[in-house]
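Where does this chain leave open space, and which backbone angles stand out? Look over the sequence and the model first.

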Amino acid sequence: MTPDLLEQGAQRVAARMEKLKTETESGGRSAGYARPHVAGEVDVTHGRILYLEDVSVSFDGFKAINKLNLDIAPGELRCIIGPNGAGKTTMMDIITGKTRPDEGQVYFGSTIDLLAHNEPEIAQLGIGRKFQKPTVFEQLTVFENLELALKTDKGVKRSMLFRLDSAQGDRLAEVLHTIHLGASVTRQAGNLSHGQKQWLEIGMLLMQDPKLLLLDEPVAGMTDEETARTAELFLSLKGRHSLMVVEHDMSFIRAISEIVTVLCDGSVLAQGTLDEVQADERVIEVYLGR
């Protein structure tokens with residue numbers, strides 16, 4: 001082998017090693033493959049709980065998601081903003097199994113391929129989703145809504161014989177405190193304010209003990225006071241859960257955000273602190289206006 005070929009080979013090896021080093025430091029899935037994995041658990045030893053890699057999907061020729069790359073760290077509170085039609089809802093549909101992409105990869109941790117699972121299975125894996133409009137059982141009390149949402153065997157016989165044990169009761173009380181509804185535990189859900197219904201639905205998700213929460217415009221229609229309390233709620237969940245929050249309310253985003261991702265035309269347009277993305281000329285042009 002000539003010296004030139006040896007030099008070229010050394011350069012290729014060095015480049016490959018640098019790529020592996022970068023992938024490991026940035027949370028690439030290869031970092032997790034060398035570690036033992038426990039069945040049923042999400043492997044986040046590499047530092048990322050969610051990956052979307054080169055994801056694309058089209059509807060009748062319209063590319064709603066276009067080579068989207070996004071990753072989120074365990075315990076992170078990530079805010080997603082962007083104009084209508086940017087692909088925010090479609091992205092969450094893909095993560096939760098409602099929509100199948102035409103191409104790309106979607107991983108929960110480094111080993112769970114979400115594209116190999118359907119919607120109920122993804123929910124059982126630990127991904128909870130809240131839509132913009134609150135969905136609660138309005139004829140039931142706050143307590144009964146949370147009890148119904150407990151992560152238990154939902155078979156008919158088990159459900160008929162179910163009784164809260166002490167650990168489940170403690171968990172329910174903890175969630176009631178977290179969502180600011182301790183004083184409304186016996187109220188019918190239909191009598192709650194819009195903001196309280198939003199909190200109750202978040203509480204129902206928390207009863208499932210999710211590792212990742214997807215929250216679509218959670219403060220839409222809320223009063224200023226309810227919005228401020230929702231910001232407190234999300235900040236209290238940060239670290240214990242990973243959160244992806246899609247929202248248009250910039251004041252709310254400022255109150256809770258560290259990293260903001262801007263979507264446009266189905267891909268990431270910009271990412272950084274809120275101040276950084278608000279100063280980005282591309283973001284101003286397509287979303288914030290002048």
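The model is predicted. Its largest pocket holds about 680 Å³ of space. The pocket is lined by 22 residues, and those closest to its centre are Ala 123, Gly 128, Arg 129, Leu 205 and Gln 208. H4 supplies the largest share, 5 residues. Sorted by class, the lining has 12 nonpolar, 6 polar and 4 charged residues.

Next, the backbone. Most residues other than glycine have a negative phi. His 180 has a positive one, near 65°. His 180 sits in the loop between helix H7 (166-178) and H8. Asp 265 is not a glycine either, yet its phi is about 55°. The loop that holds Asp 265 runs between strand S9 (259-264) and strand S10 (267-272).

Is Asp 265 buried or exposed? Asp 265 has a relative accessible area of 58%, and the cut-off for exposed is over 50%, so Asp 265 counts as exposed. His 180, at 23%, is partly exposed.

Buried means under 20% relative accessible area. Cys 79, at 0%, is therefore buried. Cys 264, at 12%, is buried too.

| Residue | Relative accessible area | Class |
|---|---|---|
| Cys 79 | 0% | buried |
| Cys 264 | 12% | buried |
| His 180 | 23% | partly exposed |
| Asp 265 | 58% | exposed |

Terms used
Residues are numbered from 1 along each chain as its sequence is written. This is a predicted model: local features need pLDDT of at least 70, side-chain atom pairs count only at pLDDT 80 or more; totals for chains, interfaces and linings use all residues. Side-chain values use heavy atoms; hydrogens and water are left out. Buried means under 20% relative accessible area, exposed over 50%, partly exposed in between (1.4 Å probe, protein chains only). On a 1 Å grid over the protein atoms alone, a cavity is a set of points where a 1.4 Å probe fits but cannot get out, and a pocket is an open set with protein on both sides within 12 Å along at least five of seven lines; lining residues have an atom within 4 Å of a point. Grid points are joined across faces, edges and corners, and a volume is the space filled by probe spheres set on the points. Helices (H or I, at least four residues) and strands (E, at least two) are DSSP runs, numbered from the N terminus. Ala, Val, Leu, Ile, Met, Phe, Trp, Tyr, Cys and Pro count as nonpolar, Asp, Glu, Lys and Arg as charged, and the others, Gly among them, as polar.
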